[in-house]
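Thanks for coming. I will go through one structure, from the whole chain down to a single residue. Please have a look at it first.

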Amino acid sequence: MRIDVLSLFPDMYTGVLEQSILKKAAESEAFSCHITNFRDYADNKHQRVDDYTYGGGAGMLLMPQPIFDAVEAVQKTSEAKPRVIMMTPQGTPYNQNYAEDLAKEEHLIFLCGHYEGFDERIRESIVTDEISIGDYVLTGGELASMVVIDSVVRLLPGVLGNEVSADTDSFSNGLLEHPQYTRPADFRGMKVPDVLLSGNHKLIEEWRHKESLRRTLLRRPDLLESRVLSDKEKEWLKE
Ligand code: 6GU
């Protein structure tokens, strides 16, 4: 997968993409990431990228020209038809399903504003997706785009080793993760549940599934509303 990011603060990305799993993913060529400062595309003398809002009011807006030109320059070098993703608190709430959908693409372009909003014509004519990572306001889309990039890249084939698998973790089955324990079996009198020491894999799987369901019901009942429960799960919920 190829990822392009258009941002006025490219330095925010240094370090983040160069650590741990993302670093290995880039080295293995599972993905490549290019950061572009769209100020470089401003066609005016002072490299301005923002201007006052028509109709008045406080604040400035990112103007269309630098962003249109930067997106078109990236598109020209792409064989795919990249989705153009605007990071904005007004966007579609991001979740694991959205990540799985984006992970199927060959090329993604992220548009990140900072402090300021975007001229509406950017939304109307070049953006295919608008994403928000939650109901709070950040100073810019950069951190949010890194959250999305991280969650997408870890789903790409070959990126996660056996240590961590994408399809056994939280949300892959629509439930929160069950409790987990490592050695010792008794720590300061706090004991690991017997079933996990039993060696009975069928019972262990059932215990884990039940605990996932219990934890989801307690902490995130909203997740159960949009999930189809199996007959077994319905039985457990009655207990
Ligand atoms: Cl994508 N951008 C900003 N600025 N704030 C946010 C966000 C995005 N998602 C949640 N809050």
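The protein chain has 9 helices and 10 strands; helices (H or I, at least four residues) and strands (E, at least two) are DSSP runs, numbered from the N terminus. This is a predicted model, in which local features need pLDDT of at least 70, side-chain atom pairs count only at pLDDT 80 or more, and totals for chains, interfaces and linings use all residues. Residues are numbered from 1 along each chain as its sequence is written.

On overall dimensions, the C-alpha trace of the protein chain spans about 75 × 40 × 35 Å along its principal axes.

Next, burial. A residue counts as buried if 20 or more other C-beta atoms lie within 10 Å of its own, as exposed if 12 or fewer do, and as partly exposed in between, with C-beta atoms placed from the backbone. Of the 239 residues in the protein chain, 20% are buried.

H5 itself has 13 residues and reaches 18 Å from its first C-alpha to its last, close to the 18 Å expected at 1.5 Å a residue; the expected span is 1.5 Å times one less than the number of residues. Its buried residues include Ala 144, Val 148 and Val 152. The cover over the buried residues of H5 includes strand S1 (2-6), helix H1 (20-27) and strand S5 (83-93).

Last, Gly 140, which lies in the loop between strand S8 (129-132) and helix H5 (141-153). Is Gly 140 buried or partly exposed? Gly 140 is partly exposed, because 17 other C-beta atoms lie within 10 Å. Leaving aside neighbours within four places in sequence, Gly 140 is in contact with Phe 9, Cys 112, Gly 113, His 114 and Tyr 115, contact being C-beta atoms, placed from the backbone, within 7 Å.

Key. Contact = placed C-beta atoms within 7 Å.
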